[in-house]
Amino acid sequence: MADSYKAKVLSDNVGMYEKTSTSSKKLATLNKNATVMVLKTSGNWAQVTYSSKTGWIQLKDLRSSEKKLVYTTKKVSIYATASSKGTV
């Protein structure tokens with residue numbers, strides 16, 4: 001498992017859920033600037049701990065100063081140099 005890291009909630013009334021679905025049981029509602037510990041990610045979701053609870057928050061609702069949270073549903077190429085002619 002990758003290292004865990006801290007992240008902040010970006011807005012008020014963000015749900016933390018039992019599973020990676022907003023229709024699953026809501027475990028908590030977090031407000032802007034609440035600090036969570038991100039344990040892992042799955043798709044567009046982050047598994048977090050907050051106030052001794054573990055659940056799932058959508059990545060779009062989090063920002064981290066320790067690691068850059070990036071998610072996309074599109075194919076992305078990453079190059080070895082600052083040129084699209086470099087190796088992928």
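Aspartate 61 sits in the loop between strand 6 (53-58) and strand 7 (62-63); strands here are DSSP runs of E with at least two residues, helices are runs of H or I with at least four, and both are numbered from the N terminus. This is a predicted model, in which local features need pLDDT of at least 70 and side-chain atom pairs count only at pLDDT 80 or more, while totals for chains, interfaces and linings use all residues. Residues are numbered from 1 along each chain as its sequence is written, and side-chain values use heavy atoms, with hydrogens and water left out.

**Around aspartate 61**

Is aspartate 61 buried or exposed? Aspartate 61 counts as buried because its relative accessibility is 12%; the cut-offs are under 20% relative accessible area for buried, over 50% for exposed, and partly exposed in between, using a 1.4 Å probe and protein chains only. Setting aside neighbours within four places in sequence, aspartate 61 is in contact with Lys8, Val9, Leu10, Ser11 and Val14, where contact means heavy atoms within 4.5 Å.

The structure holds one salt bridge, a term for a side-chain nitrogen of Lys or Arg within 4 Å of a carboxyl oxygen of Asp or Glu. Lysine 60 and aspartate 61 make it through their side chains, at 3.5 Å from N to O. Side chains of opposite charge can pair when their charged atoms come close. Lysine 60 is partly exposed, with a relative accessible area of 46%.

The side chains of lysine 60 and aspartate 61 also make a polar contact at 3.5 Å. That term covers a pair of N or O atoms within 3.5 Å; within protein, one must be able to donate a hydrogen and the other to accept it, and residues adjacent in sequence count only if both atoms are side-chain atoms.

Serine 64 lies in the segment after strand 7. A polar atom of its side chain is 3.0 Å from the backbone oxygen of lysine 6, and serine 64 is buried, at 13% relative accessible area.

**Strands and their partners**

The protein chain has zero helices and seven strands, so the order from the N terminus reads β-β-β-β-β-β-β. Two strands pair if DSSP finds at least two bridges between them. Here are some of the pairings, with an example of facing residues for each.

| Strands | Sense | Bridges | Facing residues |
|---|---|---|---|
| Strand 5 (45-50) and strand 6 | antiparallel | six | glutamine 47 and tryptophan 56 |
| Strand 1 (5-9) and strand 4 (35-42) | antiparallel | four | lysine 8 and threonine 35 |
| Strand 1 and strand 7 | antiparallel | two | valine 9 and leucine 62 |

Strand 5 and strand 6 form a hairpin with two residues between the strands, and serine 51 there takes a positive phi near 50°.

How many aromatic pairs does the structure hold? There is one aromatic pair; rings of Phe, Tyr and Trp (its six-membered ring) pair if their centres lie within 6.5 Å, and planes under 30 degrees apart count as stacked, over 60 as edge-to-face and the rest as tilted. The rings of tyrosine 17 and tryptophan 45 have centres 6.1 Å apart and planes at 85°, so this pair is edge-to-face. Because tyrosine 17 lies in strand 2 (residues 14-17) and tryptophan 45 in strand 5, the pair ties together parts that are 28 residues apart in sequence. Both tyrosine 17 and tryptophan 45 are buried.

Threonine 22 is in the loop between strand 2 and strand 3. Not counting residues up to four places away in sequence, threonine 22 touches Tyr17, Trp45 and Gln58. With a relative accessible area of 49%, threonine 22 is partly exposed. Its C-alpha atom is 9.0 Å from that of isoleucine 57, which is 35 residues away along the chain.

**The core**

A nonpolar core is a set of buried Ala, Val, Leu, Ile, Met, Phe, Trp, Tyr and Cys residues joined through side-chain atoms within 4.5 Å. The largest one has 15 residues, and those with the most contacts inside it are Val9, Leu30, Val36, Val38, Val48, Ile57 and Leu62. Strand 1, strand 2, strand 3 (26-30), strand 4 and strand 5 each give two or more residues to this core. Strand 1 supplies the largest share, three residues. In soluble globular proteins, nonpolar side chains tend to be buried together.
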